[in-house]
Amino acid sequence: MHSALTELFETQAVISRRAHPTLATRIDRAVREGSLSAVLPGAYARTETATQWCTIAAGVRLWDRDAVIVGEAAAALTFWPQLRVGSVDVITSRQLRSLPSRTGPVLRLHRGAIPRELVMTQHGMRHATAALAAIQLIPTYQADVIDIALRSRKVRIENLNRVIDLMPRRAGNAARRRALIESRSEAWSALERLAHRLLHEAGIDGWRANVPVLVGEDEYVLDVLMNGMPLALEFDGYDAHTRRDTFESDRLRHNTLQLAGFDVLHFTWRMLTEQSAYLTRTVRAAMDVVTRLWQ
């Protein structure tokens, strides 16, 4: 590859023929030699990276500056960087008669309009906000995607409801609203969602979910903290691959919170699914004990 092209790729993943007309001949030669590949018409990347979703997304910016990246790619760009992106979905008014042949993520073009409030720009790339991306993925990932979005702290439940309000007539919104109701207390996992539902159904109110507390110089996030009393509820999932690594730190965390004055109750998935009454019975008993001690 010519040194001028090599220098360009040191600072950018994709280059456009329009921005570098004097290099057009060298770009064509590099394509024939196989060192460059077309990502989109007029947009080129190193062949070894041309099929990566992030490269395709960068190519979209050069192909249509008004296009908006949505769906999985937008989620990966905002709140879910670990997501394996299977398609790069783009809202655009432009048409493509043919796409460069490739393996890897599929580029899908859509017509439509997105409220300006739900579009953000970073590194020159226009894409859906975290809230819109999460809402778009609910039909595929159900309420789990809401957990991930809330856990990232990039969105709040009111941001997700705002998306539905701004785009009220979209197909699938009924299912999206049901998922948002499940997550109305801002659960960060399926286990927390179940616990919140059981608490609501039992009429146990007056609590907040995923509350950050400062102990010394360290911040801890409590799964549930009862209002007006130092009573916390923790919901412990079990993962055979990580439990051994986290066991020690979990015990240290528990002891630190206890010494800081918090009464911490722990509940597991089995307790909530096989003995659901145990959660509410234990929480009520603990609230009575703490109330008496604080009187």
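I take two strands as paired if DSSP finds at least two bridges between them. The model I examined is predicted.

**Entry 1: the four-stranded sheet.** I looked up the strand order and found an open sheet of 4 strands, S9-S10-S11-S12, with mixed pairing. I noted strand S9 (207-215) and strand S12 (263-268) as the edge strands, each pairing on one side only. The twist averages 45 degrees from one strand to the next. I then followed strand S11 (residues 231-236), which pairs with S12 in the parallel sense over 6 bridges. For Ala 232, I recorded Val 264 in S12 as the bridge partner.

**Entry 2: helix H12.** I found that helix H12 (residues 276-294) packs on this sheet and touches strand S10 (218-226), S11 and S12. The direction of H12 makes about 175 degrees with that of S12. I located Trp 294 in helix H12. Its relative accessible area is 63%, and exposed means over 50%, so I list Trp 294 as exposed. Together with Val 289 and Leu 293, Trp 294 forms a nonpolar surface patch of about 380 Å² accessible area.

**Entry 3: strands S1 to S3.** I checked strand S3 (residues 43-46) against strand S1 (residues 14-16) and found antiparallel pairing over 3 bridges. Here Val 14 stands opposite Ala 45 of S3. Strand S2 (residues 36-40) also pairs with S3 in the antiparallel sense, over 4 bridges, and I found Ala 38 opposite Tyr 44 in S3. The hairpin of S2 and S3 has 2 residues between the strands, and in this hairpin I recorded a positive phi near 85 degrees for Gly 42.

Terms used:
Residues are numbered from 1 along each chain as its sequence is written. This is a predicted model: local features need pLDDT of at least 70, side-chain atom pairs count only at pLDDT 80 or more; totals for chains, interfaces and linings use all residues. Side-chain values use heavy atoms; hydrogens and water are left out. Axes are lines fitted to C-alpha atoms, for helices over the stretch in contact, and angles run from 0 to 180 degrees between N-to-C directions. Contact means heavy atoms within 4.5 Å. Patches are made of residues with over 30% relative accessible area and no salt bridge: like charges are joined within 9 Å, nonpolar side chains (Val, Leu, Ile, Met, Phe, Trp, Tyr) within 5 Å. Accessible areas come from the Shrake-Rupley method with a 1.4 Å probe; for residues, only the protein chains shown count as cover. A salt bridge is a side-chain nitrogen of Lys or Arg within 4 Å of a carboxyl oxygen of Asp or Glu. Buried means under 20% relative accessible area, exposed over 50%, partly exposed in between (1.4 Å probe, protein chains only).
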